Amino acid sequence: MSKLRRVRTCISLPTDSRIFTVRVLAALISALSLLPVRAATAGEIPAGERKSGYEFMSVETRTMQDDDAVNPGMLWVLEGKALWSRTVGEANKSCASCHTGASTTMKGVAARYPAFDKRLGRPIDLEQRINLCRTEQQKATPLPFEGREMLALAAFIGQQSRGMPIAVTDDERSKSFIEAGRTIFERRQGQLNLSCAQCHDDNWRGKLAGAPITQGHATGYPLYRLEWQAIGSLQRRLRNCLVGMRAEPYAIGAPEYVNLELFLMWRARGMPVETPAVRP
Amino acid sequence: MPRTLINVPARAKRGEVIEIKTLISHDMETGFRADNAGKTVPRDIISLFVASYNGVEIFRAELHPAIAANPFLSFTTVATESGRIDFTWTGDNGFAANETAQITVE
């Protein structure tokens, strides 16, 4: 079980009557009066009930993901493989110059990201890590987020961890950032006044406009989405959700996204990496 | 350069029906979409795919704007003799891609 204490607002009543002061009562009444009557939230999904988005898909889409000869995400992986050994920048180095064979050196790396960066003092995601390598080691210009090359490299590196359990570090340094991500996940926002948790923790057994809601585990990013007809990052997916909630999306690369990514990976801890996954 | 993924069995028995799978990266821009400025994005699609087995055409497909990006095509043929299978994709704006696979028939 997690060491992190779940902080849920609004619904849970204090069990100790001594701290049940008038002030708390007044706050609760005002909070509850704003809420529609709702049963207690389902809360965090227990480890045994966690399901990847894969399990919500049709047989056809699953087959597409499972067969590397059919999975269109493999086109990006192939490109990433070529980019891995292409020298760039003033340092005239390729990724392979330092990291050599990706199949050994990058094994398990994507399963640990976002990871805490000592120098920046905050977690960074895999894409930001790639760009740090580019600017600092290769002395090259950073790759644009969601650009073809960035997605290709992230997909290639991600694929090296396929099948490995997601294991982001939840030590003292990262804890506050995981909690910050959780806060965003559980906070109602946007014109629809929805939180991520209301769909992905509480109503994942349901459907939204005929499509399964899913538990929202970020196990296969970057992934090929049939709707996008391309591979896209987790940040693109999060942007999608925010726009759907009629909330204002954060700027690409914003710390809020990274915290949310970190929380989502922590929430999916132990689940196997599927990169490059296919989703409808 | 487009990326391609070809799946041809390396070995097959004579007379066996084999499945061939091909995947190619392409945007397949329909020509019906508008960009952010409201201007129509010109059509840019793969319009023809041909596969030939030791120089003999065995499969041909004409593609149109309704085909999704990164077209995947799969078909079957009979393994007759060892040799090579050539794949060519051609399309708008002089698009051309070639790929070759070897097959050994026993």
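Me: Two strands pair if DSSP finds at least two bridges between them; with that in mind, which residue in E8(B) stands opposite B:Thr90?

Reply: Strands of a sheet pair through backbone hydrogen bonds, either parallel or antiparallel. In this predicted model, B:Thr90 stands opposite B:Ala96 in E8(B), and strand E7 (residues 83-91) of chain B is joined by nine bridges to strand E8 (residues 95-105) of chain B, the two running antiparallel. Residues are numbered from 1 along each chain as its sequence is written, while chains are lettered from A and ligands numbered from 1 in the order in which they are written. Because the model is predicted, local features need pLDDT of at least 70 and side-chain atom pairs count only at pLDDT 80 or more, whereas totals for chains, interfaces and linings use all residues.

Me: In what order do the five strands of the open sheet in chain B come?

Reply: The order is E2-E8-E7-E4-E5 in chain B, with mixed pairing. Strand E2 (11-12) and strand E5 (56-62) of chain B each have a single partner strand and stand at the edges, so one side of each is left without a neighbour in the sheet. Chain B has eight strands and zero helices, and its C-alpha atoms fill a box of roughly 60 × 20 × 20 Å along the principal axes.

Me: Where in chain B is confidence lowest, and where highest?

Reply: Where pLDDT is low, the predicted coordinates should not be read in detail. The score is the predictor's confidence in each residue, from 0 to 100. Chain B averages a pLDDT of 96, and 100% of the residues score at least 70; confidence in chain B is lowest in strand E1 (residues 4-7), at a mean of 95, and highest in strand E4 (residues 46-53), at 98. The model as such scores ipTM 0.89 and pTM 0.85.

Me: How many residues does each chain bring to the contact?

Reply: Chain A brings nine residues and chain B ten, where contact means that the C-beta atoms of two residues, placed from the backbone, lie within 7 Å. On the side of chain A that touches chain B, helix H3 (residues 73-84) of chain A gives the most, with four residues. That side of chain A divides into seven nonpolar residues, one polar and one charged; here Ala, Val, Leu, Ile, Met, Phe, Trp, Tyr, Cys and Pro count as nonpolar, Asp, Glu, Lys and Arg as charged, and the others, Gly among them, as polar.

Me: At what angle do the axes of H3(A) and helix H7 of chain A cross?

Reply: Two packed helices are described by the angle between their axes and the distance between the axes. The axes of H3(A) and helix H7 (residues 148-159) of chain A cross at roughly 95 degrees and come within 7 Å, which makes H3(A) roughly perpendicular to H7(A). Axes are lines fitted to C-alpha atoms, for helices over the stretch in contact, with angles from 0 to 180 degrees between N-to-C directions; under 35 degrees counts as roughly parallel, over 145 as roughly antiparallel, 65 to 115 as roughly perpendicular and the rest as oblique. Residues including A:Trp76, A:Val77 and A:Leu83 in H3(A) meet residues of H7(A), among them A:Leu151, A:Ala152 and A:Phe156, and the residues of this contact divide into nine nonpolar, three polar and three charged.

Me: Which residues make the contact between H6(A) and H7(A)?

Reply: The axes of helix H6 (residues 126-137) of chain A and H7(A) come within 10 Å and cross at roughly 110 degrees, and H6(A) and H7(A) are therefore roughly perpendicular to each other. A:Leu126, A:Glu127 and A:Ile130 of H6(A) make the contact with A:Met150, A:Leu153, A:Ala154 and A:Ile157 of H7(A); six of these residues are nonpolar, none is polar and one is charged.

Me: How many residues of domain 1 of chain A are in contact with domain 2 of chain A?

Reply: The assignment for chain A gives domain 1 (50-63 + 169-279) and domain 2 (74-159), bounds of this kind coming from an automatic or database domain assignment. In contact are 19 residues of domain 1 and 22 residues of domain 2, and H11(A) gives the most to the side of domain 1 that touches domain 2, with five residues. The C-alpha centres of domain 1 and domain 2 of chain A lie 22 Å apart.

Me: Where is A:Pro114 placed?

Reply: Most residues other than glycine have a negative phi, and most peptide bonds are trans. A:Pro114 is in the loop between helix H5 (102-105) and strand E1 (115-117) of chain A, and a cis peptide bond with omega of about -5 degrees joins A:Tyr113 to A:Pro114. The bond from A:Thr275 to A:Pro276 is cis as well, with omega near -5 degrees. A:Asn193, a residue other than glycine, has a positive phi near 55 degrees.

Conventions
Pairing = 2+ DSSP bridges.
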